[in-house]
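Subject: Structure for your review

Dear colleague,

I am passing on the structure we spoke about, and I would be grateful if you could look through it with the notes below at hand.

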Amino acid sequence: MPIKRTDHISLNVVNLEEAIHFFSLCGLEVRGRWEMEGKLLDRLLNLDGAKTECVALGLPGEAIWLELVRFKRPVETSTVVQHVYSSGLRHLCFEVTGLDTLLERLANHGYQPIGDVANYENEYRLCYVRGPEGVIIELAEKIDSV
């Protein structure tokens, strides 16, 4: 089988600090920060003079991580807010504990659920939240942990 494991998921953002803040509210921790530029990056992206600022976020003990990327060159100033029914990568899902407390914490910082908390087959309580720049996350809490 050619794919061995999922290493990381990358999201391009315009406001890196706001994205870090949002995912930190959800419990992810900053693992590292770096900038990239030069021939390697230009070849990978088929661009000339690209420069990025990146942050790795993850959970303790978890191998998979989330990479947030802000382009310094070329500069992107617009964001596209997708609908929950739009084509493309729709959302990231995180299994959580304390869903109601997390939703309250996010709401206190201006991040509101898209719809209601729903019971999925008496297995999970699910809720979608729109984060910065239109990013959608799904929060899933196992019902036996409530």
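A nonpolar core is taken here as a set of buried Ala, Val, Leu, Ile, Met, Phe, Trp, Tyr and Cys residues joined through side-chain atoms within 4.5 Å. Please keep in mind throughout that this is a predicted model.

The largest nonpolar core holds 27 residues, and the members that touch the most others are Phe-23, Leu-68, Leu-106, Val-129, Ile-137 and Leu-139. At least two residues of this core come from each of α1, β3 (51-58), β4, β5 (92-95), α3, β7 (124-130) and β8 (136-142), and α1 gives the most, with 6 residues. For Leu-139, leaving aside residues up to four places away in sequence, the contacts include Phe-94, Leu-99, Leu-106, Cys-127 and Val-129, and Arg-125 is also among them.

Within helix α1, the buried residues are Leu-16, Ala-19, Ile-20, Phe-22, Phe-23 and Leu-25. At the start of α1, a side-chain oxygen of Asn-15 comes to within 3.3 Å of the backbone nitrogen of Glu-17, while the residue that follows the helix, Gly-27, has a positive phi, near 110°.

Turning to the aromatic rings, how many aromatic pairs does the count come to? The count comes to 4 aromatic pairs. One of them joins Phe-22 and Tyr-111 in an edge-to-face arrangement, with 4.7 Å from centre to centre and 65° between the planes. This pair links distant parts of the chain, since Phe-22 lies in helix α1 (residues 16-25) and Tyr-111 in the loop between α3 (99-108) and β6 (118-120), 89 residues apart. Phe-22 is buried, with a relative accessible area of 0%, and Tyr-111, at 7% relative accessibility, counts as buried too.

Trp-34 and Trp-65 form another edge-to-face pair, at 6.2 Å centre to centre and with 70° between the planes. Here too distant parts of the chain are linked, with Trp-34 in strand β2 (residues 29-37) and Trp-65 in strand β4 (residues 65-73), 31 residues apart.

Finally, Phe-22, Phe-23, Phe-94 and Tyr-111 form one aromatic cluster.

With best regards

Terms used. Residues numbered from 1 in each chain as written. Predicted model: local features only at pLDDT ≥ 70, side-chain atom pairs only at ≥ 80, totals over all residues. Heavy atoms only, no water. Phe/Tyr/Trp six-rings, centres within 6.5 Å; stacked < 30°, edge-to-face > 60°. Helix = DSSP H or I, 4+ residues; strand = E, 2+ residues; numbered from the N terminus. Buried < 20%, exposed > 50% of the residue type's maximum accessible area, 1.4 Å probe, protein only. Contact = heavy atoms within 4.5 Å. Polar contact = N/O pair within 3.5 Å; in protein donor to acceptor, adjacent residues only side chain to side chain.
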